[in-house]
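Hello,

I am passing on a structure for you to look at. My notes follow below it.

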Amino acid sequence: MQTKRTYAIIGGTSGIGLALAQKLVARDDRVLIAGRSPERLKEALRVLGSSASGYTLNITHRPSLSTFFAQAPALSGLFTPAASYKTADFSDGDLESSEGLFHAKFWGQYWAVHAALPYLAPDASVVLMSGAASARPLGAPAYAACNSALEGLARGLAFELSPIRVNCLSPGTTDSTLWRNRPANVREPAFAAWQALNLVGRPASEEEQAHAALFLLDNGNMTGSTLFCDGGYTFR
Ligand SMILES: NC(=O)c1ccc[n+]([C@@H]2O[C@H](COP(=O)([O-])OP(=O)(O)OC[C@H]3O[C@@H](n4cnc5c(N)ncnc54)[C@H](OP(=O)(O)O)[C@@H]3O)[C@@H](O)[C@H]2O)c1
């Protein structure tokens with residue numbers, strides 16, 4: 001009998017991360033998930049059932065990352081969609097949406113992979129999370145740069161950590177909890193604009209993004225790549 005594989009998902013308590021966790025437990029793998037809110041964590045663990053365990057942590061807090069991974073057996077994979085940030089125009093000169101954004105989204109994932117390293121099996125797969133603004137920014141240049149930096153990080157890590165594989169998932173607008181938590185007067189115009197900006201005429205679903213992340217976890221020939229799951233937005 002094959003031993004169950006274990007995957008860690010930091011940001012696995014809602015949205016795309018939780019959708020991936022559901023796919024993994026459905027095929028009889030184990031998941032170790034994390035997020036900041038104890039309530040969201042509790043609900044996610046209830047949904048996922050006995051193949052899941054989890055802890056609260058903030059991905060920007062390095063000591064918590066070490067404690068989290070110390071709970072892990074050998075990991076077959078890591079996915080890091082956890083990030084909480086705001087974006088703004090360059091001309092605003094705002095620190096939180098420039099340096100703070102990198103702290104939240106880039107350095108969080110960078111140190112998460114570093115903390116996971118002792119626990120990753122030699123055939124493990126790491127999937128970082130960027131965003132399609134890397135290739136087609138519509139303002140917020142620090143956000144575009146942060147996503148590009150993550151895609152570069154995946155290439156650099158793929159080289160240094162081989163045979164561990166490292167890739168990046170770069171979503172376009174996705175109808176996820178992230179957007180559902182934003183006010184309707186922000187979400188609805190953004191979704192309407194998105195329809196015209198991509199080729200499939202709608203936002204992606206969490207399930208579609210989770211499917212793309214699962215492909216990167218599973219396909220043994222994928223490393224150093226960025227997968228744009230964006231309905232053709234970056235191509236258009
Ligand atoms: N949805 C989109 O349209 C879209 C498009 C492009 C890129 N992305 C990227 O996708 C990621 C977000 O995924 P999602 O759309 O599925 O959002 P989501 O539904 O809000 O899920 C985010 C997950 O990460 C956790 N999280 C957030 N900040 C965290 C932190 N500092 N430390 C630990 N956990 C944290 C959240 O739980 P807690 O809040 O409880 O911590 C939650 O589990 C971001 O990197 C975002 O840039 C999303």
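Which residues in α1 meet which residues in α8? G15, I16, A19, L20, K23 and L24 of α1 are in contact (heavy atoms within 4.5 Å) with E206, E207, Q209, A210, H211, A213, L214 and L217 of α8.

The model is predicted: local features need pLDDT of at least 70, side-chain atom pairs count only at pLDDT 80 or more, and totals for chains, interfaces and linings use all residues. Residues are numbered from 1 along each chain as its sequence is written, and side-chain values use heavy atoms, with hydrogens and water left out.

The two helices are α1 (residues 15-26) and α8 (residues 206-218), and they pack at an angle of about 60 degrees with their axes 8 Å apart. Helices here are DSSP runs (H or I, at least four residues), and strands likewise (E, at least two), numbered from the N terminus. Axes are lines fitted to C-alpha atoms, for helices over the stretch in contact, with angles from 0 to 180 degrees between N-to-C directions.

In α1, 9 of the 12 residues are buried (under 20% relative accessible area, with exposed over 50%, partly exposed in between; 1.4 Å probe, protein chains only), so α1 is largely enclosed by the rest of the structure. Among the buried ones are G17, L18 and V25.

D28 lies between α1 and β2 (30-35) and is partly exposed at 46%. A140 is between β5 (120-129) and α5 and is buried at 13%.

Finally, S162 and P163 are joined by a cis peptide bond, with omega about 15 degrees.

Regards
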